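Please look through the chain below before reading on. The report then walks through its main features.

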Amino acid sequence: MKNRISGCTSFMLFWALAFPTVTIAGQTFLIGGALISDCSDPLGSGQAGITVSVTCDGGFSGSTTSFGGQGLWAVANVPEDACCVTAVGFCSIDSVCPPDPCNDTVCITVDAAHQAENQSLVFWECVGGDCEPACHGPIVSSEPPSGAIDAREPHSVSDANDVSGWSSLEVTMGGTVESCGVDEFSISEIGGGPPLPVIVAVVPVSEFSVRLDLDRSIEPGAWTVITHKSSGSKVCLGFLPADASQDRLSAASDINALINSIDLVAGFGLPDYATDINRSGITNGQDVLRLIDLLNGAGAFNVWIAQSLPANPCDS
Ligand SMILES: [Ca+2]
Ligand SMILES: [Ca+2]
């Protein structure tokens, strides 16, 4: 989870002026009783239902489910000790962002400066920054679309090291993506082997969409699953050379599927990633020949006939 402090409203600045700050592990928190996330709307609705708990190495524990107004929770009598603070519940940001599940922990060393006048630690909204208009899921669409199977050649016919394949995707989210970062997403594979691609950059494209850049092409013969961690929503991208028909099996029948699409047979249209087999930028008869090359394992190609993908993990 992110723990970021920035972009607070004037109301928050009022509190900032009321309390000095301390920097813990590179993050700036208010002391005199306040840990602050960077909620853009600290007065927003949704504070109800959050439980804030404190446990300390020396055995102290305490919690509260009530906030003392303005989204502040106070746990009384926290001693000077090494303590961890956990907030669980939901918080709301604004009318665009859905309620944000919050389950976050921050550990600090409490000293006199951290304790409020009434020997309380006070926490603002969800501890540590869940409550920010950052990267709200779920993923609602993507390009390439979830379930797509790249049927094109995985590398050139003459050089297996001349690799091609999807190495980025654009995802559209159900809320704002103002601060989406690589930590919000994870990658796994079904049917492949190590190494996994790594997300190296998350680049905003619009208010609701970002491009995820990977350090390499996704792996042929596998599903690559990109998960938005906090919402659990996923994109599944398949890579099965020669599978023009998109049925998870590379077979001689894919030749007919490709020809039918090239011939514009009604009902047999296929997307470019299923038909431009030689990655030339256009689909034509050369792609039929290249698909046959893939099935037979010509040149540097593996033999792809009878190769298959497991069930789409996004369907389960
Ligand atoms: Ca097929
Ligand atoms: Ca082509």
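**Ground rules**

This is a predicted model, in which local features need pLDDT of at least 70, side-chain atom pairs count only at pLDDT 80 or more, and totals for chains, interfaces and linings use all residues. Residues are numbered from 1 along each chain as its sequence is written, while chains are lettered from A and ligands numbered from 1 in the order in which they are written.

**Overview**

The chain holds four helices and 17 strands. Helices (H or I, at least four residues) and strands (E, at least two) are DSSP runs, numbered from the N terminus. The chain has 316 residues, and 37% of them are buried. A residue is buried if 20 or more other C-beta atoms lie within 10 Å of its own, exposed if 12 or fewer, and partly exposed in between; the C-beta atoms are placed from the backbone.

Contacts come next. Two residues are in contact if their C-beta atoms, placed from the backbone, lie within 7 Å. Take the contacts between residues at least 6 apart in sequence: 67% of these join residues at least 24 apart.

How confident is the predictor? pLDDT is its confidence in each residue, from 0 to 100. The chain averages 76, and 68% of the residues score at least 70. Two stretches stay under 50. One is residues 1-48, with 107 contacts beyond four places in sequence in the model. Another is residues 122-133, with 71 such contacts.

**Two sheets**

Strands of a sheet pair through backbone hydrogen bonds, either parallel or antiparallel. Here, two strands pair if DSSP finds at least two bridges between them.

One open sheet has four strands in the order β10-β12-β15-β14, and its pairing is antiparallel. β10 (139-143) and β14 (199-206) stand at the edges with a single partner strand each, so one side of each has no neighbour in the sheet. On average, neighbouring strands of this sheet are turned by 25° against each other, direction ignored. Such angles are taken between N-to-C directions and run from 0 to 180 degrees; the axes are lines fitted to C-alpha atoms, for helices over the stretch in contact. Within this sheet, β12 (residues 168-173) and β15 (residues 209-214) form an antiparallel pair over five bridges. Ser168 has Asp213 in β15 as its bridge partner.

Another open sheet of four strands runs β11-β17-β16-β13, with mixed pairing. Its edges are β11 (149-150) and β13 (185-190); each has a single partner strand, so one side of each is left without a neighbour in the sheet. β11 and β17 (residues 233-239) run parallel and are joined by two bridges. Ile149 stands opposite Gly238 in β17.

**Cores**

In soluble globular proteins, nonpolar side chains tend to be buried together. A nonpolar core is a set of buried Ala, Val, Leu, Ile, Met, Phe, Trp, Tyr and Cys residues joined through C-beta atoms within 7 Å. The largest core has 37 residues, of which Ala151, Leu212, Leu237 and Leu291 touch the most other members. At least two residues each come from β12, β15, β16 (222-228), β17, α2 (253-262), α3 and α4 (285-296). A second, separate core has seven residues, including Val52, Val54, Val75 and Ile108.

Beyond its neighbours within four places in sequence, Leu291 is in contact with Ala242, Ala244, Asp254, Ile255, Leu258 and Ile277.

Ala274 lies in helix α3 (residues 272-275). Why does Ala274 count as buried? Because 23 other C-beta atoms lie within 10 Å of Ala274. Apart from neighbours within four places in sequence, Ala274 is in contact with Ala151, Ala244 and Gln246. Ala274 and Ala242 are 32 residues apart in sequence, and their C-alpha atoms are 8.0 Å apart.

**Backbone details**

Two cis peptide bonds deserve a look. One joins Glu143 and Pro144, with omega about 0°. Pro144 is in the loop between β10 and β11. Another runs from Pro194 to Pro195, with omega near 0°. Pro195 lies in the loop between β13 and β14.

How values were computed. pLDDT = per-residue confidence, 0-100.
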